[in-house]
Each structure stands twice: as C-alpha cells, then as structure tokens.
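I opened my notebook to record what I looked up in one structure.

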Amino acid sequence: MADLAARGEQPEVLFWVGCAGAFDDRYKRVTRAFVRILEHVGVKYAVLGMEESCTGDPAKRAGNEFLFQMQAMQNITTLDGYGIKTIVTACPHCFNTIKNEYPALGGNYEVIHHSTFLQQLINDGRVKVQGGESFKGRRITFHDSCYLGRANDIYEAPREVLAALDADLVEMKRSKANGLCCGAGGAQMWKEPEPGKKDINIERTEEALATLDGNAAALENLYGVESGNEGATPSKGNGNGIIAVGCPFCMTMMSDGVKNKERESSVQVFDLAELVASAEGLNA
C-alpha cells in the first residue's frame, strides 16, 4: 500500500490478509489463491504488509477491551492515513471486527468477505470457474462460520460460489442459522477445551463426514439430520469428499477433526478461494 501511495495511486480494494493468512502455513495457501484470482481478473488491490496489525478480535473475545482498542486505533489510523474505503478479507473474524466494531472507534469502511467478493466476480462473468480442475459430481458440504453466518447473515454467497463449481452440494442439518460452531470462536482458538465428553470440532467433523458419506444412522446419532434418510448413498471414500470453509479458524479445526478420524485420504478441507482458483486453473 505504501508503494501505491507513493505513486499517488489508490487501490480498488485493500486486501486485509489477517494473522492466519500471513503466518499460518496452511492458510497462506488461501492467501495466495485469492491473490491469484485478484490478479487474474485485473482487480487493482493492495495490502498493508508490515503495517497491518491484528484487528484485536482475539483480545476483545478474551475480555481485554483495552488491548482491543489499542490495536483497533492503530489500524484505523493506518487505514485512514491511506484513505482506504473498501476492504476485502478472507477471515470472518477480521470481517466482523472491522465492519461492526471499528465504526464505534471512528473506523468506517465498506468491508467485504471474500465469499461475497468471489460471488460478485462470478456473477459479473469475470471468473468463469472453467479451464482448471473439474468438481462436477464431487460431494461438497459447506461449514458455516459463526462470524460470517449468524453474526452477519451471510449464508448464500458461499453456496452460490460452490454452485458455480457444478459440484454436488450436500447440506448438514446443522447449517446456516442452525450451524454448529467449529469450536474456535470467542478466542477458544487460543486455549485448550474444557473437560467434556467430546471436543466441538470432533462433533462437527463427524457430522460433516457422515453427511458426505450419506450415513443416515450416524447422522441421527449426532442429531445431524432428520430420520428417514436411509436411502442416501454412502460414499466409497474415494477421495471425492470435500469440506468447504471460509474461515482460517474453521480450516484448522475441521482439518484437525479429519485427521482425528483418520480420513485424510478420502476427505479434504478447502477454502472457497482455493476451490475457485483450482477450477479456474490458477493453482501455482
């Protein structure tokens, strides 16, 4: 962003990378995929680089309001200094914090989650989702992020992106407004879970796997779907199953759940941007 500003230029959007997108090895792949899409369609974007700090979401959720406000004000000062108007991010936590909590501190911006941004690119015909990997007929289930769904009522954009892939989208019963948290929200990402019968991410992963497998009995035990789905066709575990996510925390928790169930060979966890980049033939 500093380089653009030095040339007297403004980006169409500022891509807010987020802590996970910058430092988590798995989610760096999502960052690269989304950037390849932006460059492919000719969107003039910028990143803050070393000037980007944590939004303060984990601090606020953990109860440290003072630290949150310090981090937020630092970011607002940086963003306003560059005259930023529109921000796109692949992290629902960053999205929710900048969109809904920065205005109280004087930070007012148009904030777009990358699922909505990708949907707009597809609807405008700028992304064709063709020329790369085909997802036709592959079973995909989408896990709703709490901060994208219940907190901001964004349910259809990610599903429209997946629909453009012509995949077989299968819904978990606990989806959309009734979705089950991955277990990492509210700063839970940074601590061990309290003692209990089962970790939340394991429960959620079991529901996702049973949905992909068409395992009605397992779903009933999980309260995942209504009874009467005995006719569902079980998956053969042939590697076609995909759990799609739109959040770095969900990515970690669902991936850990798949590993816990020893299903890495038959089920993969991908972000929406990775799926679109792959379908567009943009993977490095």
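**Entry 1. Ground rules.**
I am working with a predicted model, where local features need pLDDT of at least 70, side-chain atom pairs count only at pLDDT 80 or more, and totals for chains, interfaces and linings use all residues. Residues are numbered from 1 along each chain as its sequence is written, and side-chain values use heavy atoms, with hydrogens and water left out.

**Entry 2. Aromatic pairs.**
I searched the whole structure for aromatic pairs and found 3. Rings of Phe, Tyr and Trp (its six-membered ring) pair if their centres lie within 6.5 Å; planes under 30 degrees apart are stacked, over 60 edge-to-face, and the rest tilted. I looked at F34 and F117. Their ring centres are 6.1 Å apart and their planes stand at 70°, so this pair is edge-to-face. F34 sits in helix α3 (residues 25-41) and F117 in helix α7 (residues 114-123), so the pair ties together parts that are 83 residues apart in sequence. Helices (H or I, at least four residues) and strands (E, at least two) are DSSP runs, numbered from the N terminus.

Are F34 and F117 buried or exposed? Both are buried. The cut-offs are under 20% relative accessible area for buried, over 50% for exposed, and partly exposed in between (1.4 Å probe, protein chains only).

**Entry 3. Salt bridges.**
Side chains of opposite charge can pair when their charged atoms come close. I counted a salt bridge when a side-chain nitrogen of Lys or Arg is within 4 Å of a carboxyl oxygen of Asp or Glu. The search of the whole structure gave 19.

I started with D57 and R61. Their closest N and O atoms are 2.8 Å apart. Both residues lie in helix α4, 4 residues apart, about one turn of the helix. An α-helix has 3.6 residues a turn, so residues three or four places apart point the same way. D57 has 3% relative accessibility, so D57 counts as buried. R61 has 24%, so R61 counts as partly exposed.

Next I took R174 and E207. Their closest N and O atoms are 2.6 Å apart in this salt bridge. R174 is in the loop between β6 (168-169) and α9 (200-213), and E207 is in helix α9, so the pair ties together parts that are 33 residues apart in sequence. R174 and E207 are both buried.

Then came K198 and E206, bridged with closest N and O atoms 2.8 Å apart. K198 is partly exposed at 41% relative accessible area. E206 counts as buried at 19%.

**Entry 4. The largest pocket.**
Rolling a probe the size of a water molecule over the atoms shows where empty space is left. The grid has a 1 Å step over the protein atoms alone; a pocket is an open set of points where a 1.4 Å probe fits, with protein on both sides within 12 Å along at least five of seven lines, and lining residues have an atom within 4 Å of a point. The volume of the largest pocket is about 490 Å³. Its lining has 29 residues, and G18, C19, A20, A22 and F23 lie nearest the centre. The elements that give two or more residues are α2 (18-23), α4 (57-61), α6 (92-101) and α11 (248-260). Which element gives the largest share of the lining? I wrote down α2, with 6 residues.

I then checked α6. Of its 10 residues, 8 are buried, so α6 is largely enclosed by the rest of the structure. Among the buried ones are P92, H93, C94 and F95.

**Entry 5. Positive phi.**
D166 has a positive phi of about 60°, although it is not a glycine. D166 is in the loop between α8 (156-164) and β6. At 42% relative accessibility, D166 is partly exposed. E262 has a positive phi of about 55° and is not a glycine either. I found E262 in the loop between α11 and β8 (267-271). E262 is exposed, at 65% relative accessible area.

How values were computed. Grid points are joined across faces, edges and corners, and a volume is the space filled by probe spheres set on the points.
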